[in-house]
Each structure stands twice: as structure tokens, then as C-alpha cells.
Protein chains: 2
Amino acid sequence: MTLLTNVRIHAIGSYLPTHRAANADLLPRFSIDEEFLRTKLGIAARAIKDNSEETSDLCVKAFHDLQTRSGIALSEVQICCVVTQNPDVSIPHTAAIVHQKLGLPRSCMTFDLSQGCAGYVHGLALLTSVMASLDLRSALLFTCDPYSKIINPADKNTALIFGDGATVTHLACNLPGYALVDANFGTEPGSAECLIANGPANEGAVRPTLQMNGTAVLMHATRAVPASISALLAKSGRKLDDVDLFLLHPGSKRVVDLIKKSLKLPDTKVPFEIESYGNTVSSSIPLMLQQPVLEKQHARLVLSGFGVGFSWGSCLIELHN
Amino acid sequence: MTLLTNVRIHAIGSYLPTHRAANADLLPRFSIDEEFLRTKLGIAARAIKDNSEETSDLCVKAFHDLQTRSGIALSEVQICCVVTQNPDVSIPHTAAIVHQKLGLPRSCMTFDLSQGCAGYVHGLALLTSVMASLDLRSALLFTCDPYSKIINPADKNTALIFGDGATVTHLACNLPGYALVDANFGTEPGSAECLIANGPANEGAVRPTLQMNGTAVLMHATRAVPASISALLAKSGRKLDDVDLFLLHPGSKRVVDLIKKSLKLPDTKVPFEIESYGNTVSSSIPLMLQQPVLEKQHARLVLSGFGVGFSWGSCLIELHN
């Protein structure tokens, strides 16, 4: 068995569609004012993929970005995992389609992880662990949940929030990068329906549309996430002050502000940078992590995702050069 | 970190719907004779769930079977994973719904794994690894792929093969059972479409139907699986003779016979027991494993799943008392 700390987040690639839908245009329709948009949602525009782009296509574009940042040998990739609840098709898994489109080798494991906004943290924990236990050296962890597929544009609760995007994280053994120290997960009992896509399909569409109980999501998040981060740090023997950056899933500006306030974190340690592209679900945390992974200046970061389930995952990562 | 060998397959529960669809009735329609049915398919009848039963319901019934076999403390379960490509809904993951229906605790991680016929081996490797690395003590690994949701009854290639079912494996630390020694995975390049559910929906249905290139699946399986098992054993320093049972995914009698012949395995070491219920996809291996896990008489087993992707996974497990 390889040590867990030998598996490193070595590089992250990403793709955001260039097309943006501006929220300002929709405010009169939903009777929402600009102040609410700015201070509570924090999302001015949403990245929207082209209709012709499938989930696997966005993943492939994220991989091309990764290639411009970091040398990666395709023939050495041993895991291709796509975190998504919006796959190309139900069968096969999107990872098999990405495997085909990228020309990955025969000796590569492929599977999708269906999880939601905490999916990246789940994926990091699962991939890092299986790499350590099976002595695997190189893995690609994709995230892509293009909610534009399932949003009802007339739904005030969801239409202004979600953007499309994809990321890919290259996990590699013994290269410089961040290693997983520990993780903490949970699921709120009796809350499976607070985010659900099973409503009546849009006219002419076969896909169901997303429905969100925003009040329940906000309540669960502000209760669960600070407790999850506190438990994680206590188990790891670390304090909040030991952590350089907290990458909290940017569900909205309000939820990040409330968690930040609850944990008494300084603004400088909690980035919120989705104004121009929206909440990209499982891609939101790796999008924020891309720059720190490139710069490798911070010693220690906490990542925390939460949403669909209602479930959450927090993890502590540390720099190894 | 816990040692990998401390995580054990402690008990398995299962559920097969009592309703059976007999294949003999369909032979004239497809111009298939009884000899082919008996010697090539090996499936006389298929277990078919009630229309009102969702994937999560089958999982809950498998859990109730587990409870009759083994004491399990619900409050101690730290992972609830459902292996499925046929979830209740696309959002949330079926694991969150099962978590809700069983009343699992807040401190429980929930996610689905979308993989196909090798999904159980993927799930075993991922869950065992993350339990070892994060010091988790108790996990539930569900499998449930009710293909009756997506089969076109007029399709000769798929209508006689698949049955519905669910299983749940209780993974626990330091209890008697089988522990993962090593695993081997792969994905055939350029073969993502050999099993696909994206065809035109049935009239009145919103779900797509399964399409299978049986020739390609058979060719990939008979090439990849013997090589995967050989590589697994070579890496583990074991020979075929050291293994007491080979649980090969029963895609059909023919594919199991061909793999058995290729590896020169004796009939007694390769069970095939799906005549009365069909190919249950991700549930087929844990269904065969249920009795050995109960009896704990075999020292060493190889499990090998293959299909959707086209992908495969083989693992070696050893008894620890």
C-alpha cells in the first residue's frame, strides 16, 4: 500500500462555456431587486453550454485545459472518474465515453460518481484512497453537472443560480501538490427531497426538471457545514487558524456568508468568485482550487461541499513539494 | 490508517422479486430453440419487479434480508453506497433516498456509483479503500440495476437475459469475513457504445431503452476477463489452483463457459446459478457470494465483473476469521 500522503492533487484543468446568461435581465420577471441579486445570490451571470455539448464534451474541454497547464501521459492514466448527476446517457457511465473520446488506455478503471455539490470531496476521498490501497499512480477526477439541462427557466428558486462547467483534477503519486489529510461526510436524515429532479418534464423534453427547497437547503447547510469543518479539524489536530483557505461550495453568496460568520472566518480566507458564471455544482470547488494548486503557496486548505442529498463532505488537504 | 485486510465482507442480504417471466413462452417470437436457451443463455426465467417498486425499494428489501442474517447497528453505518445505472431519479442519488427510508444516521456518507456489471467489484475496492484510509468501521454497499425499466420486450438481443434484483453487502472492520487482497480494472478503448441506453423511448415512456451489441460484448469479455484474472493473480503471487471459487459475472451461460475454458477452470469452481432469475447486472456477483460469505468455508475467491463500458473489474478476496 502507498501512503495516502503520496497521492497529490497535482494540477486542475477547467472549462466554462463562453456564453453567459445575464441575471439582470430576469429580475423584473421574478420581482427580485438588484440588491438581493448582489448581496444574497452573488451571481450576475451564468455560463450556459451550447445545446450540442454533452457532459462528456465539457469534460474533454476541461482536459484540454489541463494539458496546457501540466504534462500528463495519457497512457499512464489508471482511473477515469466523472462526478455527475447529469450524465450523457444513463448507460454507459460518462467516464466510459470520456475514456473513448480521450483515447485512454485499456488498463484504466472507469466509473461515475453520482453525488451533487459535495461530489468533488467524495471523489477526492475515494480516488485518493483506492490509489493508495491498490498502488495506482495516475488518475483523472472529472466534475460536470450542467444544470442547464434540467432547469425550468420559469422557476424563481433555481433559474438565477446554476451555471455550466467542467473540471478535471490530475491525481498523481509523489509529484508536488496537495495531499488529503482527512475527510468528514454526512447526510441529513429525512431530507432527500430538498433538491430533486423528478418533476413533470418540460413540454417536449424527456428530462425531468430540478426542484429546490431553498429554505431547507440553507437551513441544513448553515447547521451541518460548520459542524463538519470543526469535527474535521478537531480529528486532524488542527485549528481554524492553521488553515490558509476555506473553499466553501458557493451555493449562493448568502450561504457562504452565513457559514463564514458561524465559524468567524476572515473574508480573505473565504473566496467567492462565481459572479460571472454561477453555481457549477460539483465543479465549484475545483474551479476555486485551480489557482492555489497552480501557485502552491498555501500550506493547508479546507474544502467543503454541500447540497443534493441533503449531504455534505469536508476535507483537509496539505501541500507536499 | 486501518489496514486494508481489517475491512471485511461480513454479510450479504438480497432481494429477488417473486414474479418470474418465463423465457420458454417467448421462443417462437424470436425464432430461438430450447437448446440455445439452455446451453447458450442458461436463463429459463427472469425476476421482474412490480411497477410500483423503485430501485430504492428493492435496496430496502435487500437490507431487511441482511437484518435477518446478521446483527447490524443502523446508527453505526458510515457509508451508504448504491451501485446503479437505473436510479429512482437523476437527483438526488438513490443512496440518499435509501438513507432516508432506512433511517440511517447524519454521520453517514451517501453516493451512487454508476458502473454496470463490474460495479460490485468497483464498489468493493472503493469502499474498502476509503474505510481503511479514513478509519471507517461500517458500510453498506448496495447493488440494484432493475433493467426491466429499460428493456424493450421486442428486442431479441436483450429481452431474454436480464432480471431484477438487489443486494446489500455489510462491510465491517475486524469482524469475520472476506477481505480484499487486490483488484484489477480496465476499459476497452472505443467500445463505450456496446451497451447503451439512449435509443428512442418506448411509446409513452420517458426512459430510454437498452441496446446491446452482443457480439462485441462476448468478444471483449472472453479476451479481457481471463487476462484480468491472470494479471490479478500474478500480482498477488497466487496461482489459479490457490483459488477455491471463481465468481464470474453470469452475463450468459456461454460467456461464463468460454472464460472458464480459456482459464482451464474446473466446473466445480465456477458456479452458474441464474437459471431461475436472470442476469441481474451489478447484483449478480454478490448474489453468488451470499452463500460463501455465510458459510465461510472457502479460503480464497476471485470475483470478476464485466459489461457496460465495455469495462471490467476482478478482485481477489481472502477469508479472515
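Where is L136(B) found? L136(B) is in the loop between helix 5 (119–134) and strand 6 (138–144) of chain B, where helices (H or I, at least four residues) and strands (E, at least two) are DSSP runs, numbered from the N terminus. The tour returns to that residue below, after a look at the whole.

This is a predicted model, in which local features need pLDDT of at least 70, side-chain atom pairs count only at pLDDT 80 or more, and totals for chains, interfaces and linings use all residues. Residues are numbered from 1 along each chain as its sequence is written, while chains are lettered from A and ligands numbered from 1 in the order in which they are written.

**Stop 1: chain A as a whole**

Select chain A, which has eight helices and 13 strands, and whose C-alpha trace spans about 55 × 45 × 35 Å along its principal axes. For 321 residues a compact globule would have a radius of gyration near 20 Å, and the 19 Å of chain A agrees with this; the radius is taken over C-alpha atoms, and the globule rule is 2.2 Å times the number of residues to the power 0.38. Of the 321 residues of chain A, 59% count as buried, a residue being buried if 20 or more other C-beta atoms lie within 10 Å of its own, exposed if 12 or fewer, and partly exposed in between, with C-beta atoms placed from the backbone.

**Stop 2: the two domains of chain A**

Colour residues 4–175 as domain 1 and residues 180–320 as domain 2 of chain A, bounds that come from an automatic or database domain assignment. The centres of the two domains, taken over C-alpha atoms, are separated by 15 Å. Their contact takes 50 residues from domain 1 of chain A and 46 residues from domain 2 of chain A, where two residues are in contact if their C-beta atoms, placed from the backbone, lie within 7 Å. On the side of domain 1 of chain A that touches domain 2 of chain A, helix 5 of chain A gives the most, with seven residues. By class, that side of domain 1 has 24 nonpolar, 19 polar and seven charged residues, with Ala, Val, Leu, Ile, Met, Phe, Trp, Tyr, Cys and Pro counted as nonpolar, Asp, Glu, Lys and Arg as charged, and the others, Gly among them, as polar.

**Stop 3: where the chains meet**

Now show both chains: 54 residues of chain A are in contact with 54 residues of chain B. Helix 5 of chain A gives the most to the side of chain A that touches chain B, with eight residues, and the residues of that side divide into 29 nonpolar, 21 polar and four charged. Because 100% of the interface residues of chain A are also interface residues in chain B, the copies meet through the same surface.

A rotation of 180° with 0.0 Å of shift along its axis superposes chain A on chain B, with an RMSD of 0.0 Å. The two copies are thus related as by a two-fold rotation axis; the superposition is by least squares on the C-alpha atoms of residues with pLDDT of at least 70 in both.

Select strand 5 in each chain next, since strand 5 of chain A and strand 5 (residues 109–114) of chain B pair in the antiparallel sense over three bridges, and two strands pair if DSSP finds at least two bridges between them. Here L113(A) stands opposite L113(B).

**Stop 4**

Five bridges join strand 4 of chain B to strand 5 of chain B, and the two run parallel; the bridge partner of C81(B) is F111(B) in strand 5. I79(B), C81(B) and V83(B) point one way from strand 4 of chain B, whereas C80(B) and V82(B) point the other way, and all are buried.

Helix 4 (residues 94–102) of chain B is mostly covered, with eight of its nine residues buried. These buried residues pack against strand 8 and strand 13 (311–320) of chain A, together with helix 3 (55–69), strand 4, strand 5 and strand 6 of chain B. Just after helix 4 of chain B, G103(B) takes a positive phi of about 70°.

**Stop 5: back to L136(B)**

L136(B) is buried, with 23 other C-beta atoms within 10 Å. Leaving aside its neighbours within four places in sequence, L136(B) is in contact with Q78(B), I79(B), V130(B) and M131(B).
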